[in-house]
Amino acid sequence: MPLRLPPLSPLRFFEAAGRLKSFRLAAAELNVTPSAVSHGIAGLEDFLGVRLFDRQPGGLTLTAAGADYLNYVSEAFSLLAIGMQRLPRHHGRQTLSLTCAAGFAARWLLPRLPAFRAQWPDIDVTIDTSPRQFGIPVDGFDFAVRMSRTPAAGPGWTRLFGERLLPVCSPAYLERLLGPDGQPDLRKATLLHVPLASEEWHAWLDATGRHGVDLSGGLRFDRLQMAFEAAAAGIGVALGRRPLIDDELASGKLVAAGPAVRAETAYWLVAREGAEDRPVLGAFRQWLLTQARREADEFPSP
């Protein structure tokens, strides 16, 4: 029995309007008129039997149903784009796709990619850092990098390296925390939290045996990058993660405000089934493992 799908053209209007929160901006992106976007979405709402947007003089907002549906539509378009990129291309170019956290991509992977591109200039790499939940092993991608204490059930998991957790802040902020003994007192600090991180302040406090630090206050962010930037700006103390903050430590932009401890979680490379059948994927996997081995040598597993 064929799948019952909504009209595909209005789905493009809906995805763009939902992402941009504007019929006008969606129309400009898709090179159509705002009226076409509005009428297309109205037709989609009639087809679905549900209102997707609240249209008010003050602006456009997604309804609860619209926000939920947008997640599925955005993921579907993302998978279509990835599938297209993985099709064979002319002129000898090949592709691979990777999903990983934004912090890992920006702070560890991207600085190393020029070396990979220099060695394999005909391999086009797609990196997706969307916060959507993907199935394991990779749900449409060639590779995923995931944080985990142990590999999940099934083949295709290879440990890359672990992390070291340590409090970090700006040099000026550290001076404000120093006690009579010359050691930083985190009880006086504004702590910067990332609740979605795999291991947070409680893990560091338990590992170091520190007591009396109030974890209920401070500032909270949804990305590690934001917490690290806030720490560098002198707003408070973030729980840093080596090697992600090694550049800031080397430059002096961030300094340690306590000892480093080994994280229980580690980065794992997850390969899709059949990845070993494509030489281009084998080349990338071997390159990534070689890069990770340098981190593993510095931070060996227990």
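This is a predicted model: local features need pLDDT of at least 70, side-chain atom pairs count only at pLDDT 80 or more; totals for chains, interfaces and linings use all residues.
View 1. L11 counts as buried because its relative accessibility is 8%, under the 20% cut-off. I41 lies 30 residues from L11 in sequence. In space, the two C-alpha atoms are 7.7 Å apart.

**View 2. D142 in the loop between β4 and β5.** Strand β4 covers 123–128 and β5 covers 143–148; D142 is placed in the loop between them. D142 has 0% relative accessibility, so D142 counts as buried. Its side chain has two partners shown here. One is the backbone nitrogen of S97, reached at 2.8 Å. The other is the side chain of R272, joined to that of D142 by a polar contact of 2.8 Å.

**View 3. Helix α8 and the elements that cover its buried residues.** Helix α8 runs over residues 201–208. Its buried residues are W201, A203, W204 and L205. An α-helix has 3.6 residues a turn, so residues three or four places apart point the same way. Strands are part of the cover over the buried residues of α8. Among them are β6 (157–169) and β7 (191–193). The cover also includes β9 (237–242) and β11 (261–271).

Key: Residues are numbered from 1 along each chain as its sequence is written. Side-chain values use heavy atoms; hydrogens and water are left out. Buried means under 20% relative accessible area, exposed over 50%, partly exposed in between (1.4 Å probe, protein chains only). Helices (H or I, at least four residues) and strands (E, at least two) are DSSP runs, numbered from the N terminus. Contact means heavy atoms within 4.5 Å. A polar contact is a pair of N or O atoms within 3.5 Å; within protein, one must be able to donate a hydrogen and the other to accept it, and residues adjacent in sequence count only if both atoms are side-chain atoms.
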